[in-house]
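Subject: Structure handover

Hello,

Here is the structure we talked about. Please load it first, then read the notes below.

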Amino acid sequence: MVRPPFSPIHAFSLINGEVNGIRNPFSYQPWRDKKTFASMFDVLEADIVIFQETKIQRKDLRDDMVLVPGWDCYFSLPRHKKGYSGVVIYTRQSVCAPIRAEEGITGVLCPPNSSTKFADLPEGERVGGYPTPIQLASSPVDATTIDSEGRCVVLEFPAFVLLGVYSPANRDESRDDFRLGFLDLLDARVRNLIDMGKRVVLTGDLNISREEMDTANAEASMRKNGFADQEYTSTPARRLFNQLLEGGKVFGERDEGREQPVLWDTTRGFHPTRKGMFTCWEQKKNARPGNFGSRIDYVLCSLDMKNWFSDSNIQEGLLGSDHCPVYATLKDKIVLDGKAVDLLDAMNPPDMFVGGQRQREYSMKDMLPLSGKLIPEFDRRRSIRDMFSKPSLPTRPSTGLSIAVQECDLIPAQPDEPNDRRPVERETENLQIGESEPASPAPPMQDPASVKSASPGSGSGGNKRSVSEISTNRPLKRAKSGSSAWAPDGTGKGQQSLKGFFKPKTTAPEEAVGNGIAAAAHSRQHGKPGAEVVEQASQSPLYDSKSSGTRPTGISQGSVQDQADVHDPVESKESWSKLFTKPAAPRCEGHGEPCVSLVTKKSGINCGRSFWMCARPLGPTGAKERNTQWRCQTFIWCSDWNGLTRDDCGDGM
């Protein structure tokens, strides 16, 4: 469902999306046409945009993703792993401006160009709410490791603290400690901020489905792991998450320090009984058309902010990755500390908006140290001239060769002059004063008297020096393939393509006839004698027009035998085509449509083997079905299919 159009009065909204690479959305519509972040944000109609899994490093940042007109940006990038995780938050400068910005959830990282940790900054310069030493000690992973993967950006507005988070996924057991440690410290940071009296908005890909309603694979997962309903909801990560949420399913006594829920699930709050409200689908199984997915992307807020929001929903109709965006819209008027306040007043520094009216414009002094526009590579990059100018290269000392060329007059190439001299003259003409020859040393300086005697003004000889007499000590440029400068007679051309390998060779007599006809045509064109060559060729005993066959009468039997050994090019082409062409895909048994080939990646004896299966997406049940529009049960190993027999397909066609 695509988000409905805005009302005439602009509604402030924030949108969260897992993009699987910051440029990945540009491969889909509607982003494919313009491929700019500004146009993307206009389509999203949001004022705060949070992206996860950007998969870039600092060296990969480009102007178009940092210097977005009218927007500021705040990145958290992985320190070590390439093409991994990463979070960025974009804010529209015309309606909101954060007053503080940080990276990481523990406070152990440092601001740009500073050696002081965020947690050690003065009280008015830090966000606060960092995990205590006791909370850090309870984590199985140290704080520096937790924040080294670029998984959290924290922005503080006067209204609330915004956390953009990309939580680790449940891939295998080797990452269980890191995942639980990250979630444990995230829970501690959120609760500490709320205990300080600050409101919190937590957004991102948390990689946790809240309960059975939030995943299509719940029943299959419970059967696979032998879980009951209670055990499924009580897995460590899901239990921790539900203790954070109002209305979360928690069985048994709550953990110490998590006695009360502190966040509200905005999307589920506006759609409490909606099923199939999924935000992530497995692309390898093509599960999105059948809506066989999970809800793992959220916009959560403090309990005292529930009345601030007018809408929240998913945008499953917007393509851009294996996830869909989730948005939340805030009201124009909010209740802040018991008073009705215009939202714009609470989303900007105190003196920027009053009563919803702008008092001053956004300026450089409003930028925070973490802003992407203050990264040295992009700082003060506002001039087109600065963007395209390049530093001038140092000029090397001129050589004696440059002086010699300046003093000599070059003789232009004549039309009938051999072609092999012209490249030399062109190369010499391109030499300028101040150019250097890195590959050859400078020749010794000539005697000025000798140079003067060679000039046209001198009375000795009066003949100009030819360019070929000047020693350039420079290798000649190689002419293009097939150029007459290197092979004027056409010999030595060699085999130019695979096609020539199968082409029959032309015999010498036939070449003589062809050359004669070409020479006659050339002579007629230039009005020169020699037109009789065609007549001589036609009267030659090598070619008898009265003979019944097309074979020249003067060709020996040996030549005919040689031509008989030449392969038919059409037949050879068909043989090669059969060799390199893949066999036709089998058709599935349920729909009679061509199957798709995949590779087994599951460990075991069949790992790496290719197989054919129905190309249709999985249905809502997540299983292969019979007599439905979704994926049928056809399965064929590629090694068992030769593309010739239909019985091997197993579909009974």
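Start at Tyr-166. This residue is buried, with a relative accessible area of 8%; the cut-off for buried is under 20%. Please keep in mind that the model is predicted.

Tyr-166 sits in strand β7. Its contacts, leaving aside neighbours within four places in sequence, are Glu-18, Gln-52, Glu-53, Ser-85, Val-87, Arg-151, Phe-182, Asp-205 and Asn-207.

Where does UniProt place the feature "active site"? The record, an unreviewed entry, puts it at Tyr-166, Asp-205 and His-323. These residues span 158 residues in sequence, yet no two of their C-alpha atoms are more than 12.9 Å apart, so they gather at one spot. Of these residues, His-323 is included in the lining of the largest cavity.

**Around β8**

Asp-205 belongs to strand β8, which covers residues 200-205. Is this strand enclosed or open? Six of its six residues are buried, so β8 is largely enclosed by the rest of the structure. Val-200, Leu-202 and Gly-204 point one way from β8. Val-201, Thr-203 and Asp-205 point the other way. In general, side chains in a regular strand alternate between the two faces of the sheet.

Which strands pair with β8? One is β7 (residues 161-166), in the parallel sense over six bridges. Within that pairing, Val-165 stands opposite Gly-204. From β7 the chain crosses through helix α5 (residues 176-195) to β8, and this β-α-β crossover is right-handed. Another partner is β12 (residues 297-302), which runs antiparallel to β8 and is joined to it by five bridges. There, Asp-205 has Asp-297 as its bridge partner.

**Helix α8**

How many of the nine residues of α8 are buried? Eight are, so this helix (residues 236-244) is largely enclosed by the rest of the structure. The buried residues are Ala-237, Arg-238, Arg-239, Leu-240, Phe-241, Asn-242, Gln-243 and Leu-244. Note the two arginines, Arg-238 and Arg-239, in that list. What covers the buried residues includes α5, β8, α7 (229-233), β9 (263-265) and β12. Of these, α5 also carries the crossover to β8.

**The six-stranded sheet**

There is an open sheet of six strands with mixed pairing. Its order is β3-β4-β2-β1-β14-β13. β3 (71-76) and β13 (309-314) stand at the edges. Each has a single partner strand, so one side of each is left without a neighbour in the sheet. On average, neighbouring strands of this sheet are turned by 10° against each other, direction ignored.

Inside the sheet, β1 (residues 13-18) and β2 (residues 48-52) pair in the parallel sense over five bridges. Glu-18 has Gln-52 in β2 as its bridge partner.

**Strand β5**

Both faces of β5 (residues 100-103) are covered. Arg-100 and Glu-102 lie on one side, Ala-101 and Glu-103 on the other, and all are buried. β5 pairs with β6 (residues 152-156) in the antiparallel sense over four bridges. Across that pairing, Glu-103 stands opposite Val-153.

Best wishes

Note on methods. Residues are numbered from 1 along each chain as its sequence is written. This is a predicted model: local features need pLDDT of at least 70, side-chain atom pairs count only at pLDDT 80 or more; totals for chains, interfaces and linings use all residues. Side-chain values use heavy atoms; hydrogens and water are left out. Buried means under 20% relative accessible area, exposed over 50%, partly exposed in between (1.4 Å probe, protein chains only). Two strands pair if DSSP finds at least two bridges between them. A crossover is right-handed if, with the strands pointing away from the viewer, the path from the first strand over the helix to the second runs clockwise. Contact means heavy atoms within 4.5 Å. Axes are lines fitted to C-alpha atoms, for helices over the stretch in contact, and angles run from 0 to 180 degrees between N-to-C directions. UniProt positions are given in the numbering used here, feature names are shortened, and annotations may be inferred rather than shown by experiment. On a 1 Å grid over the protein atoms alone, a cavity is a set of points where a 1.4 Å probe fits but cannot get out, and a pocket is an open set with protein on both sides within 12 Å along at least five of seven lines; lining residues have an atom within 4 Å of a point.
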